[in-house]
Amino acid sequence: MKHLSIATVSALALLIASPVLAAEWNTATTSQGGEGNVLDLTQSGTNGTANITQEGNNNGNGTGDIVIAQAKQSGNANSLTIEQIGNTNNFATDQTRGEYSSIDIKQSNDNNYAASQQVDSRFSTVKIEQDGASLRLDALAEQRNAVDSSIYIGQQGVSFQIASAYQSGTTKGAAIEIGQLGDNNLAGVAQINSAGALAAISQTGTVSEASILQTNGSDYSYAGIAQTGYDSRARINQNA
């Protein structure tokens, strides 16, 4: 049985008692295969990188609307890259208090859900790509007080895709772009207090609906909707 010296014990006690400092240049890589996997990843500091891969079905899928696969980062220049391959997978991401951070989520197959949030993050990006064969795809992206930041959501499937994007408290340079390929799709964009913002929705398919709201100080902004197909609806609301 090994015993620690007094010097070693003292050093450990000092380490435990010391304040926790923000870390830098950390990398976390996680790969999970199979079904019903749970993931909870947290990083704080600057220049952190997290790469997550899940392959299989029902990963991060809790009871009801509860998502049990998530990644959180706080600090500058952090990046999250997530790939899920399979059906009925869920993933939620969160980045706070940083600059030049990015979230990149890619999901393949059907009935998948992705959610991302960036708060108090400047010059940051969110990218969600979902590629399905038949059933519903659902994506949600939100940026709050995210100056000069952007959101892109791309969905491709047969039908029933939902994409929602929201920005508030941003300034000139903020942008949201949504592209959907398939039928019976729904896309919604809201930009609030986002002067000089850009919002664009493109839908290819039938019986789809798109809406853009730019309000509360969203001056000098642009909104555009392009739809190809029949029985689709578009709505744009711009006001001071």
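1. How many bridges pair strand β14 (residues 175–183) with β16, and in which sense, parallel or antiparallel? The two strands pair in the parallel sense over seven bridges, where pairing requires that DSSP finds at least two bridges between two strands. Strands here are DSSP runs of E with at least two residues, and helices are runs of H or I with at least four residues, both numbered from the N terminus. Within this pairing Glu177 stands opposite Ala200 in β16.

2. A note on the basis of these remarks. The model is predicted, so that local features need pLDDT of at least 70 and side-chain atom pairs count only at pLDDT 80 or more, whereas totals for chains, interfaces and linings use all residues. Residues are numbered from 1 along each chain as its sequence is written, and side-chain values use heavy atoms, with hydrogens and water left out.

3. Overall composition. The secondary structure comes to one helix and 19 strands. Of the 240 residues in the protein, 42% are buried, a term that stands for under 20% relative accessible area, with exposed meaning over 50% and partly exposed in between (1.4 Å probe, protein chains only). The accessible surface comes to about 12000 Å², and 53% of it belongs to carbon and sulfur atoms; such areas come from the Shrake-Rupley method with a 1.4 Å probe, and for residues only the protein chains shown count as cover. Among contacts (heavy atoms within 4.5 Å) between residues at least 6 apart in sequence, 45% join residues at least 24 apart.

4. Strand β15 and its partners. Five of the seven residues of β15 (residues 186–192) are buried, so this strand is largely enclosed by the rest of the structure. Strand β13 (residues 161–168) pairs with β15 in the parallel sense over seven bridges, and the bridge partner of Ser168 is Ile192 in β15. Seven bridges also join β15 to the parallel strand β17 (residues 209–215), with Leu186 opposite Glu209 and Ala187 opposite Ala210.

5. Strand β16 and its faces. Strand β16 (residues 198–204) has a covered face made of Ala199, Ile201 and Gln203, and an uncovered one made of Leu198, Ala200, Ser202 and Thr204. Besides β14, strand β16 pairs with β18 (residues 222–228), again in the parallel sense and over seven bridges, and the bridge partner of Thr204 is Thr228 in β18.

6. Strand β10 and its faces. In a regular strand the side chains alternate between the two faces of the sheet. Seven bridges join β10 to strand β8 (residues 102–108), and the two run parallel; here Ser102 stands opposite Thr125. With β12 (residues 150–159), β10 pairs in the parallel sense over seven bridges, and the bridge partner of Glu129 is Gly154 in β12.

7. Not counting residues up to four places away in sequence, Ile128 touches several residues, including Ile105, Leu140, Tyr152 and Ile153. Gln130 is also buried, with a relative accessible area of 3%. Leaving aside its neighbours within four places in sequence, Gln130 is in contact with residues including Gln107, Asn112, Tyr113 and Gln155.

8. The aromatic pair. The structure holds one aromatic pair, Tyr100 with Phe123, which is stacked at 5.0 Å centre to centre with 15° between the planes. Rings of Phe, Tyr and Trp (its six-membered ring) pair if their centres lie within 6.5 Å, and planes under 30 degrees apart count as stacked, over 60 as edge-to-face and the rest as tilted. The pair links distant parts of the chain, 23 residues apart, with Tyr100 in the loop between β7 (90–99) and β8, and Phe123 in the loop between β9 (112–122) and β10. Tyr100 counts as exposed at 54% relative accessibility, whereas Phe123 is partly exposed at 28%.
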